[in-house]
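Dear colleague,

Please find below the structure I am handing over to you.

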Amino acid sequence: MNTAVKVVGLFAGGVSAYVMGSFMINMGTDMADMTKSVEQMTNDVHSMAKNMNGMAGNMMQMAQSMMEGQKKMGDDFANVARDMNVMTGSMISMSRDMNGLGLEISGMNTNIKEMNQSMSRMSGDISTMNNSMSGMRYDINKFTKPESIMMPWLR
């Protein structure tokens, strides 16, 4: 029995050694895989930190660009406001000029009305003069041809 116990003990020890060895090998492989995973995670975290730093720099640049853009827009709006003031002044001046032009046109209309009245009177005077000339022609004709007075049938 002693031998059987020894064989069983050896067998049990061999199985135990195999199981323990397999366990240790698997544990070693798992530890190596874990170590590789931790290394990869470290690299990923390092890469992420670099990306975050780059992103922070880009955000800073974007913030500066936005500030510059707002300043330029503010300057542009100030220029627009100045130009609007100038344009408003020009429109006021143009309105005054148009009012003056209206007054000048009104005066011109009055002068045209007076000129039309004068031309109408002048036309009447010319008509009167034509009538007078017609009468004078007859009288002049009578004196330049006295035979027509003495002998009216010769006419």
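Of the 155 residues of the protein chain, 1% count as buried. Please bear in mind that this is a predicted model. The chain exposes about 13,900 Å², and carbon and sulfur atoms supply 66% of that area.

As to secondary structure, the protein chain has 2 helices and 0 strands. Helix 1 covers residues 2-144.

The structure holds 1 salt bridge. Its partners are Lys-71 and Asp-75, whose closest N and O atoms are 3.1 Å apart. That distance qualifies because a salt bridge requires such atoms to lie within 4 Å. Both Lys-71 and Asp-75 belong to helix 1, where they are 4 residues apart, about one turn of the helix.

The two partners may also be described by their accessibility. Lys-71 has a relative accessibility of 54% and therefore counts as exposed, the cut-off being over 50%. Asp-75, at 38% relative accessibility, counts as partly exposed.

Yours sincerely

Terms used. Residues are numbered from 1 along each chain as its sequence is written. This is a predicted model: local features need pLDDT of at least 70, side-chain atom pairs count only at pLDDT 80 or more; totals for chains, interfaces and linings use all residues. Side-chain values use heavy atoms; hydrogens and water are left out. A salt bridge is a side-chain nitrogen of Lys or Arg within 4 Å of a carboxyl oxygen of Asp or Glu. Buried means under 20% relative accessible area, exposed over 50%, partly exposed in between (1.4 Å probe, protein chains only). Accessible areas come from the Shrake-Rupley method with a 1.4 Å probe; for residues, only the protein chains shown count as cover.
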